[in-house]
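Come and look along with me.

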Amino acid sequence: KKERWHGRFLLSAGRRSHTRAASPPDAAAESVPEVPTKAALLRFAAPLAAVSVTGPILSTIDTAFVGRCAGTVDLAALGPACTVTDLIYLICSTVSTAAIKLYADVQGEKARQRHGATCLSVAFFIGLLASLVCVFFGSSLLQGLGATPIMMAAAQKYVIVRAMGLPLASVASAMYGLCVGQGDTKTPLLVTVGLSSTLNVVFDWVLCAVIPL
């Protein structure tokens, strides 16, 4: 009896080991994600690199218009004013990082749509709050950054003008995060480089040359 039981045990163990040896390759092939190629990584990362340098380029365009159409005091006021608005916008842009992470964790199309709507509404609220901070505390922030009384008036105007666009800029940052979460980096590039740059040049020309503020 012991020999029969031992033989049956060895036979069943052999069958199980044979089944395990045959099945793992298929299961492993299904569970292991496809490794992207270097060309695919470059196509994904190149638009992100272009978007990241758009902000400094837009600020340079602002400086060029102000230096061309205004005086030296207005040009000097751009220094602390740009620092204030850029730091506040940097806080708003954290929404895009959160949107990328949360979108990747959400499963299901309806859940992702709800997640996208929530991100956009939160981003608008954060941008509105940042805009109010610029309006009511902009002068204090400018003084803390070393703005002199001579340039204070021009710096405050620039901060207020930039603050008016912070809610939309925050929403755009959240949309950027949602697009990247979907694996789409070309749409943010087209919107940022094409639309934002064009609007920036047009409004710089209108506000600096046509109706100088």
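Predicted model: local features only at pLDDT ≥ 70, side-chain atom pairs only at ≥ 80, totals over all residues.

Residues are numbered from 1 along each chain as its sequence is written, and side-chain values use heavy atoms, with hydrogens and water left out.

Whole chain. I found 10 helices and 0 strands in the protein chain; helices (H or I, at least four residues) and strands (E, at least two) are DSSP runs, numbered from the N terminus. Of its 213 residues, 27% are buried, meaning under 20% relative accessible area with a 1.4 Å probe, protein chains only.

Helix α6. I looked up residues 94-105 and got 12 residues reaching 17 Å from first C-alpha to last, close to the 16 Å expected at 1.5 Å a residue (that is, 1.5 Å times one less than the number of residues). V95, S96, A99 and Y103 are buried in α6. Seen down the axis, the buried residues of α6 fall within an arc of 95 degrees, so they line one face of the helix; the arc is that of the directions from the helix axis to the C-beta atoms. They pack against α5 (72-92), α7 (109-144) and α9 (166-181), with contact meaning heavy atoms within 4.5 Å.

Helix α10. I saw a kink of about 25 degrees centred on S196 in α10, the bend being the angle between axes fitted to the seven residues ending there and the seven starting there. Among the buried residues of α10 are P188, T192 and C208. Their cover includes α3 (38-52), α4 (54-69) and α9.

Terms used:
Buried < 20%, exposed > 50% of the residue type's maximum accessible area, 1.4 Å probe, protein only.
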